[in-house]
Amino acid sequence: MSVFNGSALYPRFLLTGFSGLESKYGLISLPIFLVYATSIVGNITILFIIRTESSLHQPMYYFLSMLALTDLGLSTTTLPTMFSVFWFHAREIPFNACLVQMYFIHVFSIIESAVLLAMAFDRFVAIREPLRYATILTNDVIIGIGLVIAGRALVLVFPASFLLKRLQYHAVNVLSYPFCLHQDLIKTTVSSRRVSSIYGLMVVICSMGLDSVLLLLSYLLILGTVLSIASQAERVKALNTCISHICAVLTFYTPMIGLSMIRRYGQNASPVVHVLMANVYLLVPPLMNPVVYSVKTKQIRDRILKKFKKHEV
């Protein structure tokens with residue numbers, strides 16, 4: 001069997017949709033298109049509302065803007081290959097293009113994890129120090145947090161592409177999903193993948209692993225602070241400000257854990273299940289975050305309704 005070195009003649013990579021359902025791709029692509037359209041419109045709406053309403057120029061909504069931008073980035077990164085597979089049955093992707101897509105998928109995923117952590121910190125400060133909230137989370141502090149979040153993701157994922165380019169592959173490599181993921185590309189190598197695998201694991205531990213631990217710690221501190229409030233009505237009010245964020249955290253981490261479990265223990269599961277879980281992992285958070293914040297956050301909901309009523313008049 002032919003073997004290619006990533007630094008010389010580039011191997012071919014074939015994306016995979018729902019195996020065995022190729023004749024139904026036209027039908028399958030309709031809900032996928034609706035998910036993408038809703039995600040993009042929803043996140044743009046969130047950004048527009050926050051940008052145009054001066055009353056929403058507060059730390060909580062700045063972090064929500066970061067989340068919406070991240071979701072837009074994640075959606076637009078996966079959209080081209082998804083539709084090339086489901087609309088045009090074009091499975092082949094150039095090696096370098098695959099590496100670029102892989103890079104941005106993981107960068108935006110790590111950024112989203114960090115933004116959710118920053119939003120938990122925001123809720124902790126708002127509940128613990130309500131009178132000093134604006135003086136602690138100033139615009140400069142928020143900009144600094146945003147730069148650190150983006151910088152960490154860009155730096156952590158950057159070496160992964162170069163490590164993968166050094167490996168050898170078959171002449172033709174079939175990937176498991178309609179987009180490129182690091183763990184999927186590693187499976188196709190014919191040379192030693194030890195260094196790339198260890199580095200990938202370290203990236204996960206230093207990003208999402210660390211973020212999830214700090215998220216849990218943040219909510220333990222929030223819970224302790226809430227329980228120290230004398231008034232039950234105030235306790236309920238404080239917890240209600242966290243509901244949207246808790247939903248966003250669950251929407252992000254639940255599919256990710258599900259995909260990891262399927263990859264680890266679902267070797268006998270249908271390939272369709274693997275592809276479905278991967279799609280849920282990448283498509284559901286950008287879809288649900290604007291929906292959750294529009295429904296559960298009164299300030300956002302009221303501004304959106306106000307805009308619609310203005311256009312009706």
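User: Before we start, what do buried, exposed and partly exposed mean here?
Analyst: Buried means under 20% relative accessible area, exposed means over 50%, and partly exposed lies in between, with a 1.4 Å probe and protein chains only. This is a predicted model, in which local features need pLDDT of at least 70 and side-chain atom pairs count only at pLDDT 80 or more, while totals for chains, interfaces and linings use all residues. Residues are numbered from 1 along each chain as its sequence is written, and side-chain values use heavy atoms, with hydrogens and water left out.

User: OK, how many salt bridges does the whole structure have?
Analyst: A search of the whole structure gives six salt bridges, a salt bridge being a side-chain nitrogen of Lys or Arg within 4 Å of a carboxyl oxygen of Asp or Glu.

User: Which residue does Glu92 pair with?
Analyst: Glu92 pairs with Arg12, and their closest N and O atoms are 3.1 Å apart. This pair joins distant parts of the chain, since Glu92 is in strand S3 (residues 92-93) and Arg12 is in strand S2 (residues 12-14), 80 residues apart; helices (H or I, at least four residues) and strands (E, at least two) are DSSP runs, numbered from the N terminus.

User: And how accessible is Glu92?
Analyst: Glu92 is partly exposed, at a relative accessible area of 46%, and Arg12 is also partly exposed, at 38%.

User: Switching to Glu53, is that residue buried or exposed?
Analyst: Glu53 counts as buried, at 11% relative accessibility. Glu53 forms a salt bridge with Arg303, with 3.7 Å between the closest N and O atoms, and Arg303 lies in helix H11 (residues 298-312), 250 residues apart from Glu53.
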